[in-house]
Amino acid sequence: AMAAEPGALSRADGSARFQHDGTQVLAAVWGPGEVRRARERPDQATLEVLVRPASGLAGPLEREMELLLTATLSHAVVLSLHPR
């Protein structure tokens, strides 16, 4: 079964929890916020993706998933609509 719960995090500007079989994803949006200087682009918003396992520490697999999701989502989210 698949389930979705909007507003899963009370402190985020927007959030949702998605569940399917044994996988659970929590997505949240905060903004505007401070960006590390090295990542700041004045012509568009900054997208930051964090992948964390349900337990334990993040490792190389989570880092690879972060890079893949960032590359994919940066094409799906129109970052130029929200310049710095």
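1. Glu66 is buried, at a relative accessible area of 8%. The model is a predicted one, and Glu66 belongs to helix α1, which spans residues 60–76. Beyond its neighbours within four places in sequence, Glu66 is in contact with Val49, Leu50, Val51 and Arg52.

2. The side chains of Arg52 and Glu66 form a salt bridge, with an N to O distance of 2.9 Å. Arg52 sits in the loop between β3 and α1, whereas Glu66 is in helix α1, so this pair ties together parts that are 14 residues apart in sequence. Arg52 is exposed, its relative accessible area being 53%.

3. A salt bridge also links the side chains of Arg63 and Glu66 (3.2 Å, N to O). Both residues lie in helix α1, three residues apart, or about one turn of the helix. Arg63 counts as partly exposed, at 48% relative accessibility.

4. The count of salt bridges comes to three. One of them is formed by the side chains of Arg17 and Glu5, at 3.3 Å from N to O. Since Arg17 lies in strand β2 and Glu5 in strand β1, the pair ties together parts that are 12 residues apart in sequence. Arg17 is partly exposed at 22% relative accessibility, and Glu5 is partly exposed at 38%.

5. Strands β1 (residues 2–6) and β2 (residues 14–20) pair in the antiparallel sense over five bridges, with Met2 opposite His20 in β2. Strand β2 also pairs with β3 (residues 23–29), again antiparallel, over seven bridges; there, Thr23 in β3 is the bridge partner of His20. A hairpin is formed by β2 and β3 with two residues between them, and Asp21 in the turn has a positive phi of about 50°.

Methods
Residues are numbered from 1 along each chain as its sequence is written. This is a predicted model: local features need pLDDT of at least 70, side-chain atom pairs count only at pLDDT 80 or more; totals for chains, interfaces and linings use all residues. Side-chain values use heavy atoms; hydrogens and water are left out. Two strands pair if DSSP finds at least two bridges between them. Helices (H or I, at least four residues) and strands (E, at least two) are DSSP runs, numbered from the N terminus. Buried means under 20% relative accessible area, exposed over 50%, partly exposed in between (1.4 Å probe, protein chains only). Contact means heavy atoms within 4.5 Å. A salt bridge is a side-chain nitrogen of Lys or Arg within 4 Å of a carboxyl oxygen of Asp or Glu.
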